[in-house]
Amino acid sequence: MLMTFYLGYLIMKITMFSQRYINIFVMLLLLSCSSNAREIEIKGLIEAGYVKADYDQPWLNSWMEEGVGILRFNDDDNFMLTQGVVEVSGDLISDISFDLVGNYTPDGERNIGLTEAYLTYSPLNKGLKHKVKFGMFYPHMSLENVATGWTSPYTYSFSAINSWIAEEQRTLGAQWSITRSGRQYNSPHSFTALASIFKANDGLGSLLVWRGWAQHNRQTLYNEKVSFANYFGLQEHPIDTPNAVEPFIETDGDLGYYLGVHWRYLKQTDVRVYYYDNRGDPFAIEKNKQYAWKTRYYSVSMQHKFSKNFRVLAQWLDGDTGMGSQENGVFTDISSWYVLLSYKIGSHRLSLRQDQFKVEETDINIYDPNDSNGDSITLAWRYDFDKNWNIGAEFIKSTSYNENRTLWKYWAPEHTQKQYMAIVQYRF
């Protein structure tokens with residue numbers, strides 16, 4: 001009964017999309033219903049749960065409410081609808097398909113909007129398989145976020161790496177991939193090479209530098225603003241910079257790009273290697289004083305299945321980001337990694353993840369401290385009643401050191417946060 005209520009609530013929220021988004025949905029659905037279309041697939045999930053956060057200081061709070069904590073929820077008890085996802089996909093004409101993903105979230109600047117919207121051209125041909133994507137979508141570097149709506153089938157909260165990608169990164173452009181299928185060539189090895197060019201993502205890096213790495217499952221909606229604590233007003237020389245970032249805007253007019261290679265051995269081992277460069281101009285600035293950031297990084301992710309029930313996942317990311325000049329701007333090295341073990345027995349899945357993350361300042365601006373580091377442990381249990389219903393629980397313990405917390409008088413830079421979640425999911 002309760003989940004029926006939440007389903008009705010989510011549908012009501014979806015009907016409150018802006019007219020522009022409604023028009024996009026209607027146009028694609030009408031095209032899909034034409035004589036050349038095949039079928040439309042609609043799937044998604046509704047997630048509700050009891051959340052309790054336990055912080056060693058009450059003033060930490062979530063960055064979502066301009067606090068200095070790195071977990072999503074505040075130090076109180078709540079029963080809430082934590083997220084809703086709807087995916088609509090189908091074939092427009094021969095070889096061309098569309099995908100739309102809409103999300104509902106109870107927190108942040110906006111509660112409902114699009115997280116992905118793209119067209120895929122995938123011609124059927126013998127030999128190498130070519131695929132071109134146009135629109136807004138996630139790079140394919142994650143092996144953790146592979147379930148409906150870019151969620152994880154292992155834990156309810158993402159790793160620090162994929163939490164950041166969910167916050168600040170989305171491809172608004174095109175991606176071309178070429179795949180050599182092992183099955184087609186009678187080989188145990190499959191390979192994919194891909195390249196992308198894109199606009200926007202010029203604010204990428206803002207959250208890592210001024211807030212630090214975080215852990216959660218919230219995906220930033222298109223054209224949404226993400227806030228963080230107002231460090232700037234407390235500096236010895238306050239700066240006129242917004243304590244928020246609009247991740248998906250174009251500031252400098254330059255195209256960014258990324259390159260990737262995937263390797264798969266049978267259905268046992270996967271490895272993905274990426275290089276990303278948004279080619280941001282560190283001196284370009286918006287009217288609201290939001291800078292473009294020059295952000296570059298390497299990402300290596302892998303998955304190995306020891307058996308049908310037991311697997312390990314890992315990812316490593318390393319790079320740098322910066323804006324302005326070395327004397328008055330901000331420049332840092334960024335790095336993070338995680339290792340996740342997951343075991344499935346019957347309808348139960350247990351997953352354990354270790355994360356470590358770091359931001360190291362490389363500029364000479366002494367008035368804007370940006371060093372941060374930390375680590376966390378995540379333990380999750382999920383139980384599938386059937387193909388639709390899932391219940392589970394998750395525990396996160398995170399210890400983080402953020403130097404800019406000391407800008408508040410008498411506040412220490414290092415703190416520990418814990419988060420407990422009991423979750424019910426309905427998938428359709």
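A nonpolar surface patch of about 890 Å² is made by Val-261, Val-273, Tyr-298, Val-300, Trp-316, Trp-337, Val-339, Leu-341, Leu-352, Ile-377 and Leu-379. Two or more of these residues come from each of strand E12 (294-305), strand E14 (330-345) and strand E16 (372-384), and E14 gives the most, with three residues. Patches are made of residues with over 30% relative accessible area and no salt bridge, where like charges are joined within 9 Å and nonpolar side chains (Val, Leu, Ile, Met, Phe, Trp, Tyr) within 5 Å. The accessible areas come from the Shrake-Rupley method with a 1.4 Å probe, and for residues only the protein chains shown count as cover. The model is a predicted one, in which local features need pLDDT of at least 70 and side-chain atom pairs count only at pLDDT 80 or more, while totals for chains, interfaces and linings use all residues. Residues are numbered from 1 along each chain as its sequence is written, and side-chain values use heavy atoms, with hydrogens and water left out.

The names of the strands follow from DSSP runs, numbered from the N terminus, with helices (H or I) of at least four residues and strands (E) of at least two.

How are the strands around E13 arranged? Strand E13 (residues 310-323) has 10 of its 14 residues buried, so E13 is largely enclosed by the rest of the structure. On one side of the pairing, 12 bridges join E12 to E13, and these two strands run antiparallel; two strands are said to pair if DSSP finds at least two bridges between them. Within this pairing Lys-294 stands opposite Gly-322 in E13, and E12 and E13 form a hairpin with four residues between them.

E13 is also joined to E14, by 14 bridges, and again the two strands run antiparallel. Gly-319 stands opposite Ile-334 in E14, while Thr-321 has Thr-332 in E14 as its bridge partner. The hairpin of E13 and E14 has six residues between the strands, and in this hairpin Gly-324 takes a positive phi near 75 degrees.

From E14 the pairing can be followed to strand E15 (residues 348-361), which is joined to E14 by 14 bridges and runs antiparallel to it. Here Ser-342 stands opposite Ser-351 in E15. E14 and E15 form a hairpin with two residues between them, and Gly-346 in the turn has a positive phi of about 65 degrees.

Charged side chains come next. Side chains of opposite charge can pair when their charged atoms come close. A salt bridge is a side-chain nitrogen of Lys or Arg within 4 Å of a carboxyl oxygen of Asp or Glu, and by this rule the count comes to 11 salt bridges. One of them joins Asp-320 to Arg-296, with the closest N and O atoms 3.0 Å apart. Since Asp-320 lies in strand E13 and Arg-296 in strand E12, the pair ties together parts that are 24 residues apart in sequence. Asp-320 counts as partly exposed at 23% relative accessibility, and Arg-296 likewise counts as partly exposed, at 30%.

Another salt bridge is formed by Arg-218 and Glu-224, whose closest N and O atoms are 2.7 Å apart, and both of these residues are buried. Arg-218 and Glu-224 also belong to a network of salt bridges that links them with Arg-72 and Asp-107. Glu-360 forms a salt bridge with Lys-358, where the closest N and O atoms are 3.9 Å apart.

What space is left inside? A cavity is a set of points, on a 1 Å grid over the protein atoms alone, where a 1.4 Å probe fits but cannot get out, and lining residues have an atom within 4 Å of a point. By this rule the count comes to five cavities of 30 Å³ or more. The largest cavity holds about 60 Å³ of space, a volume being the space filled by probe spheres set on the points, which are joined across faces, edges and corners. Its lining includes Ser-206, Trp-210, Phe-228, Lys-289 and Trp-293.

How values were computed. Buried means under 20% relative accessible area, exposed over 50%, partly exposed in between (1.4 Å probe, protein chains only). On a 1 Å grid over the protein atoms alone, a cavity is a set of points where a 1.4 Å probe fits but cannot get out, and a pocket is an open set with protein on both sides within 12 Å along at least five of seven lines; lining residues have an atom within 4 Å of a point.
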